[in-house]
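Hi there,

Here is the structure I promised to pass on. Please have a look at it first, and my notes follow below.

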There are 2 protein chains.
Amino acid sequence: MSLIVHKYGGTSMGSVERIQNVARRVAKWHAAGHQVVVVPSAMSGETNRLIGLAKEIQPQPDGRELDMLASTGEQASSALLAMALLAQGVAARSYTGWQVPVRTDSAYTKARIESIDDERLRAELDLGRVVIVTGFQGIDDLGNITTLGRGGSDTSAVAVAAALQADECLIYTDVDGVYTTDPRVVPEARRMSVVSFEEMLEMASLGSKVLQIRSVEFAGKYRVPVRVLSSLTDPMMPLEEEMTSGTLITFEEDQKMEAAVVSGIAFSRDEAKITLLAVPDTPGVAYSILGPVAAANIDVDMIVQNQSVRGTTDFSFTVNRNDFVRALDLLKDNVAQAVGAAEVVADDKVCKVSIVGIGMRSHVGVASLMFRTLSEEGINIQMISTSEIKTSVVISDKYMELAVRALHKAFGLDQDKSAA
Amino acid sequence: MSLIVHKYGGTSMGSVERIQNVARRVAKWHAAGHQVVVVPSAMSGETNRLIGLAKEIQPQPDGRELDMLASTGEQASSALLAMALLAQGVAARSYTGWQVPVRTDSAYTKARIESIDDERLRAELDLGRVVIVTGFQGIDDLGNITTLGRGGSDTSAVAVAAALQADECLIYTDVDGVYTTDPRVVPEARRMSVVSFEEMLEMASLGSKVLQIRSVEFAGKYRVPVRVLSSLTDPMMPLEEEMTSGTLITFEEDQKMEAAVVSGIAFSRDEAKITLLAVPDTPGVAYSILGPVAAANIDVDMIVQNQSVRGTTDFSFTVNRNDFVRALDLLKDNVAQAVGAAEVVADDKVCKVSIVGIGMRSHVGVASLMFRTLSEEGINIQMISTSEIKTSVVISDKYMELAVRALHKAFGLDQDKSAA
C-alpha cells in the first residue's frame with residue numbers, strides 16, 4: 001500500500017462529466033489499496049470569472065479580499081469531487097486550506113506555504129477515506145485566507161505530498177508528460193520518461209509551463225517524487241500502465257544514466273531587450289540602472305555587461321515584453337542621463353532559447369555546438385547567459401522556431417521513429 | 001452613534017452594479033458616524049447554480065459536502081462587497097462564518113446557530129471599519145462548514161445583531177416592508193409601519209415569505225429590533241427618511257396602541273389534507289398515525305380530531321402539497337389498516353387562510369367575524385385551528401383569493417385611499 005497524492009488541473013475538473021471521470025480514476029487507485037489524497041484546481045474558467053468580477057468592482061483588487069474571493073473556486077470543485085466519489089460508493093471528504101490547515105505567510109495572492117498539519121489528513125486516511133484538499137490556498141497566522149498565485153495548486157499538491165511523506169505526487173494535466181521541447185514547435189519532440197529535478201527547475205523557469213516553478217522548488221526541497229501525466233486517458237486504464245506513464249521528476253542521478261547531454265530545449269517569446277550604450281564603467285552603475293527598474297516592480301531576466309573599452313561599457317538586460325514600454329520610459333526619462341549613458345537602444349522583437357541538461361556539467365563543447373548550430377542557420381546571437389546546466393541565448397524572434405528545431409536535432413533529441 | 005446590522009438579499013447583490021449600490025448605501029450610514037456590520041446573501045442565482053451542479057453529481061448530495069459547496073456563494077459576494085466599499089474609500093473587511101466564528105450544531109444544510117464570538121467583529125468596528133460577515137453559514141465543533149438552510153442569511157444577520165447588541169437590524173429586501181397581506185392578491189393591502197414580534201412570527205410561519213421564520217424566533221429570543229425595508233430605493237436617500245421606512249418588528253406593545261385587532265391575513269396554497277375516517281377512539285391512536293409520517297420526514301401542519309361518536313372519530317391533518325403523495329401512500333399501505341380506520345379520504349386542492357393579530361387576545365368575536373365573512377361568500381370551512389393570536393382555516397383552494405380579499409376588508413385592513 002502506498003500513499004499517493006493526485007493533483008488535477010482546471011481542465012480536468014472542467015465539467016460534471018470530467019469531475020466524474022476524475023472520481024473514477026481516484027476510485028481505481030483507492031480500490032487497489034492505496035491511500036489517496038486529491039488536490040483539485042477550480043473548474044476551468046471559474047478563477048478568471050471571479051477575478052473578472054473583482055476587477056469590475058475594484059480595478060486593483062484588495063489582496064485580502066481577492067484571496068477570499070478566488071479561494072471559493074477550489075472549495076467548490078473539491079466539494080463536487082467529494083460528492084462524485086461518494087456517488088461512486090467511495091468514502092471521501094473535502095478539506096479547505098484552513099481546515100487542514102495549510103499555513104502560509106500573509107503575502108496575499110502570492111503567499112508561500114510555511115507548514116502543513118498532517119494530523120487531520122492522516123486520521124481521515126486511516127479511516128479509509130479519500131481526502132480532498134483544496135489547492136491554491138491556505139491560512140495565515142491571523143486566520144486570513146491566502147492564495148498561492150497562478151498554478152498554485154501544483155505547489156499545494158507537492159507540499160501536501162511532502163507533509164505526508166507520500167510515495168509519489170501525480171500531477172494530472174492536459175499533456176502526457178514533459179517533452180524535450182514544445183511539440184507544437186517541433187513535431188519530433190520526445191516525451192521524457194525521467195527528468196532530473198534540476199533540469200525540470202530550469203525548464204520551468206525558462207518558460208515550459210507544465211509545472212509552476214515553485215512546485216518544482218518545493219519538490220526539490222523535500223525530495224518529493226513528482227510524476228506529470230495525462231488526465232485525458234481512459235480513467236479505467238490498467239493501474240500498472242498508469243503508474244509508469246508520463247514523466248517522473250527524479251532526484252536520483254543514476255536513474256538518468258541513459259540521459260543525453262542536453263535533455264531539452266526551452267524557449268520564451270515574451271522577451272524584450274534594452275541596452276544602455278557607453279555607460280561609464282564605475283562601481284555601482286549596475287545598481288543605478290537596475291535599482292529603479294526593480295523599484296517599479298519590473299522583473300529583469302538576463303543581464304549582460306560587456307568588457308569595458310576605454311572606460312565605458314554596454315549594459316544590456318531583458319524584461320518581459322509586457323513591461324517593455326514602462327521599463328524603456330523609465331530609463332529614457334531618468335536613469336540614462338543619471339548614469340551618463342550615451343544612448344538607449346531597445347528591441348522588443350527578441351526571444352530566448354535555452355538548452356538544458358544535467359550532462360552539461362561534465363561535458364565540454366555543449367555551448368559551442370549550440371552556437372555553431374545557430375550560426376549554420378544564419379541566426380545572429382544577441383546575448384548569451386549560462387548556468388551550470390543551461391545555456392540561454394537571445395535572438396531575433398522571427399528565428400525562434402527555426403532555432404528550436406535546429407537545436408533539437410543537433411542535440412539528438414528527435415523522436416526515434418522506429419521505436420514509435 | 002449606533003451599531004447597525006444591514007442584511008442584503010440575493011437580488012440586492014445580483015450584479016456588480018447592485019453590489020456597488022449596496023456599498024453606496026452602507027457608505028452613507030458609515031459616513032453618518034454609525035458602526036455598520038453587513039450580512040450579504042450570495043448573488044442571486046448562485047446558490048441555485050451550485051446546488052444544481054451538486055445534484056447532477058449526486059442526486060441526494062452529501063450534507064457536509066453540500067454545505068462546503070453552497071457556502072462559497074456568500075463568501076464570494078462578501079469579498080466583492082468589501083472591494084466595492086474599498087473602491088469607494090471606505091475601510092472594510094469581509095469575514096466568513098468560520099472566521100468570526102459563528103458556531104453552529106452539526107445539522108448540515110439546516111444547522112442552528114449556537115453562539116457568535118463578537119471579539120473580532122468589535123475589534124474591526126473599533127478600528128472604524130465596516131465589517132462584512134457572510135450570511136447563511138457557520139462552523140461546527142469539529143471545524144466543518146455548516147449552512148443554515150434557505151433564507152439563512154436573515155438568521156445570520158439577526159444573530160450577529162444579537163451578539164453585538166446592535167441598536168437595529170435592517171433587513172433590506174425587494175419589498176418595502178411587511179404588508180397586511182400579499183399585495184399581489186389584495187391591491188388594497190397596506191404596509192404596516194410597526195408589527196409585533198408575535199404577529200410577525202405567526203405571519204412568517206403561515207406563509208408570508210418576507211423573513212425566514214428562524215430569524216424571527218432569534219429576534220424574539222434576544223429581543224433584537226428588526227426592520228424590513230426596501231433595497232430598491234435610491235441608496236443616497238436621506239438617512240432620516242430611510243431610518244423610519246419599512247416595517248419595524250417591535251417588542252414593545254405600547255408602540256402598537258393604534259393596532260387593529262387583526263393585523264394581517266396570511267395564506268398558503270401549498271396545502272393538502274388527509275382524513276382517516278372512523279378511527280377507533282383509543283389512547284395512542286394519534287401517535288400510531290403521525291409517528292410513521294414523522295419518521296418519513298414529512299412535516300405535519302394542522303391536526304384536527306373531532307369529538308368521538310360511537311367509539312370512533314375522524315382524524316384529519318394537513319401536509320405540504322409536495323409531500324402529499326408520499327404521505328397518502330404511507331397511510332394507505334400501512335397505517336390505515338393498523339389503526340383500524342374505515343377509510344382514507346384526501347384532498348390536495350386545499351389552502352390555508354389565517355387571520356393574525358395580537359389584539360385577538362383581548363377581543364372576543366374575532367373568529368366568529370372570520371367565519372361569518374367566509375359564510376357570506378359561500379365558502380365552506382373544512383378545518384379550523386386556533387392559537388392565542390391567530391385563527392387558521394382550511395378551505396378549497398379555488399376560494400383562496402376571494403377569502404383573503406373578503407377578510408382583508410372585513411377586518412378593516414384596506415389601505416386608506418384618502419391618505420395615499
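What is the mean pLDDT of chain A? The mean is 90, and 96% of the residues of chain A reach 70 or more; pLDDT is the predictor's confidence in each residue, from 0 to 100. The model as a whole scores ipTM 0.82 and pTM 0.84.

A note on reading it: this is a predicted model, in which local features need pLDDT of at least 70 and side-chain atom pairs count only at pLDDT 80 or more, while totals for chains, interfaces and linings use all residues. Residues are numbered from 1 along each chain as its sequence is written, chains are lettered from A and ligands numbered from 1 in the order in which they are written, and side-chain values use heavy atoms, with hydrogens and water left out.

Now to the interface. Chain A and chain B each bring 42 residues to the contact (heavy atoms within 4.5 Å). Together they bury about 3500 Å², with 64% of it on carbon and sulfur atoms; this is the accessible area (1.4 Å probe) lost on putting the two parts together, summed over both.

Two salt bridges link the chains (a side-chain nitrogen of Lys or Arg within 4 Å of a carboxyl oxygen of Asp or Glu). In one salt bridge, R49(A) pairs with E46(B), their closest N and O atoms being 3.8 Å apart.

Which element gives the largest share of the side of chain A that touches chain B? That is α4(A), with 10 residues (helices are DSSP runs of H or I, at least four residues, numbered from the N terminus).

Best wishes

Definitions and conventions: Helix = DSSP H or I, 4+ residues; strand = E, 2+ residues; numbered from the N terminus.
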